[in-house]
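Dear colleague,

Please find below the structure that I am handing over to you, followed by an account of what was found in it.

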Amino acid sequence: MTGPDIQVPDIWWRGRPRDDASAIVGLQTPQVMIGAVIVWAGFVVLGLSGGGLQWPALYAVSFIGTGAAWAIALRAPGTPMARSSAAAVVVLETAAVVGVIAAVEPLVRGPLMPCAGATAIVGALLCLRGRVDVAWISFVVSTSAIGVAGMVRADSGEYLVIMTPGNLGVLVLMTVFATVIGPRAEQIFALRRQARRESAAFAVRAVRDQQLARLDERVRPLLQSIAAGEILDDEQLAHCRLVEAQLRDRIRAPGLDVPALADAAWAARKRGVRVLLLDDHTDPTVADEPTLAVVGDDRARLVERVWAAGTAALDQAEPGADVTVRLLPAGRAVAATISVAADGTVSLQEFA
């Protein structure tokens with residue numbers, strides 16, 4: 001069984017699984033996102049309730065920037081994450097620490113410590129997303145910003161003592177962790193991809209054997225009659241035409257060669273329905289590759305919808321109707337169409 005690799009937009013906020021260290025430690029699960037929101041809210045509550053705030057609204061806005069940095073680091077696509085996303089994290093983190101220092105009364109530790117903890121998590125997430133270099137750049141930039149903002153705010157370098165030592169320790173540990181786990185994660189996911197390819201190839205061979213067995217069941221009696229010199233009656237001749245049409249379908253539409261659809265086309269033709277299956281998408285030079293088995297879930301579901309809708313249209317078609325199921329060339333807005341012409345009217349289904 002083969003199927004066309006129909007492209008479906010990859011929307012990053014859906015959290016499509018990524019093959020990196022964040023998957024190894026379970027950071028791609030919904031539970032982690034819920035936990036991150038709870039931890040972030042805890043930091044905000046600690047900061048707002050710690051006293052010493054001169055501008056609470058600015059403090060809250062600064063923490064929103066930190067939360068946005070967490071969200072990007074957790075959900076941005078790519079392995080490793082895209083540099084543009086990593087750069088956005090650095091900007092948000094730096095703006096957040098400057099905003100917190102400006103919002104807090106000079107040298108009051110209580111509201112500063114939650115910000116230090118939140119920024120330490122930013123560095124850890126960058127390491128887990130394969131951007132250890134950006135994590136260190138972010139640490140240097142944010143540390144410089146803390147030093148400058150501290151001098152402007154209180155003419156003191158004590159802000160560096162309050163906010164940076166813990167972050168440095170966390171960053172060193174996460175750098176070591178990412179250096180060890182990163183290559184292992186690549187090996188693990190490479191093995192998983194190889195296992196999926198081998199499983200897909202086995203599944204395709206099994207389905208192909210099933211198709212050949214079904215074809216043999218329909219063709220062998222005819223060949224035996226012809227080999228014996230028997231004269232074929234009208235029913236056998238009609239059977240020959242059905243076999244010929246099914247063979248043409250397999251050649252002309254490999255992406256539609258699935259048992260349910262093939263059986264529906266056989267039964268429809270037997271009732272007097274004119275059936276045309278076309279595949280302008282699948283490359284005939286690679287038609288035997290297990291395409292459907294290795295595409296993403298969204299693509300597989302789209303192809304299966306076409307198969308199911310085509311089967312239903314053929315089952316419901318009345319004698320004399322014309323049914324065309326077509327997979328369109330790659331790159332078009334519409335991936336497939338099913339048209340049914342009967343009694344002077346035409347119905348069209350489109351799949352995108």
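Gly272 touches Pro319 and Gly320, leaving aside residues up to four places away in sequence; a contact here means heavy atoms within 4.5 Å. Gly272 sits in the loop between helix H10 (259-271) and strand E1 (274-279). Helices (H or I, at least four residues) and strands (E, at least two) are DSSP runs, numbered from the N terminus. The C-alpha atoms of Gly272 and Asp322 are separated by 9.5 Å, although the two are 50 residues apart along the chain. With a relative accessible area of 37%, Gly272 is partly exposed. For this term, buried means under 20% relative accessible area, exposed means over 50%, and partly exposed lies in between (1.4 Å probe, protein chains only).

Please note that this is a predicted model, in which local features need pLDDT of at least 70 and side-chain atom pairs count only at pLDDT 80 or more, while totals for chains, interfaces and linings use all residues. Residues are numbered from 1 along each chain as its sequence is written, and side-chain values use heavy atoms, with hydrogens and water left out.

The chain as a whole

The secondary structure of the protein chain comes to 12 helices and four strands. Of its 352 residues, 42% count as buried. Among contacts in the chain with a separation of 6 or more, 73% are between residues 24 or more positions apart. The chain exposes about 18200 Å², of which carbon and sulfur atoms supply 63%; accessible areas come from the Shrake-Rupley method with a 1.4 Å probe, and for residues only the protein chains shown count as cover.

The nonpolar cores

A nonpolar core is a set of buried Ala, Val, Leu, Ile, Met, Phe, Trp, Tyr and Cys residues joined through side-chain atoms within 4.5 Å. The largest one has 43 residues, and Phe63, Leu112, Leu126 and Met163 touch the most other members. At least two residues of this core come from each of H2, H3, helix H4 (83-103), helix H5 (109-128), H6, helix H7 (158-163) and H8. H5 supplies the largest share, 10 residues. Leu112 touches Val100, Ile101, Val104, Tyr159, Ile162 and Met163, not counting residues up to four places away in sequence. A second, separate core of 27 residues includes Ala265, Val306, Ala313 and Leu314.

Aromatic pairs

The structure holds three aromatic pairs. Rings of Phe, Tyr and Trp (its six-membered ring) pair if their centres lie within 6.5 Å; planes under 30 degrees apart count as stacked, over 60 as edge-to-face and the rest as tilted. Phe43 and Trp70 form an edge-to-face pair, 6.2 Å centre to centre with 75° between the planes. This pair links distant parts of the chain, with Phe43 in helix H2 (residues 30-49) and Trp70 in helix H3 (residues 56-75), 27 residues apart. Both Phe43 and Trp70 are buried. Trp136 and Phe139 also form a pair: their ring centres are 6.1 Å apart and their planes stand at 80°, so the pair is edge-to-face. Trp136 and Phe139 are three residues apart in helix H6 (residues 132-154), and are therefore separated by about one helical turn. Trp136 is partly exposed at 29% relative accessible area, whereas Phe139 is buried at 15%.

Salt bridges

A salt bridge is a side-chain nitrogen of Lys or Arg within 4 Å of a carboxyl oxygen of Asp or Glu. By this rule the count comes to eight. One of them joins the side chains of Arg83 and Asp133 (3.5 Å, N to O). Because Arg83 lies in helix H4 and Asp133 in helix H6, the pair ties together parts that are 50 residues apart in sequence. Arg83 is exposed, at 52% relative accessibility, while Asp133 is partly exposed, at 36%.

Arg326 forms a salt bridge with Asp280, the closest N and O atoms being 2.5 Å apart. Arg326 lies in strand E2 (residues 322-327) and Asp280 in the loop between E1 and helix H11 (291-294), so this pair ties together parts that are 46 residues apart in sequence. In helix H9 (residues 234-252), Arg248 and Glu244 are four residues apart, about one helical turn; the closest N and O atoms of their salt bridge are 3.0 Å apart. Asp249, Arg252 and Arg269 are linked in a network of salt bridges.

Yours sincerely
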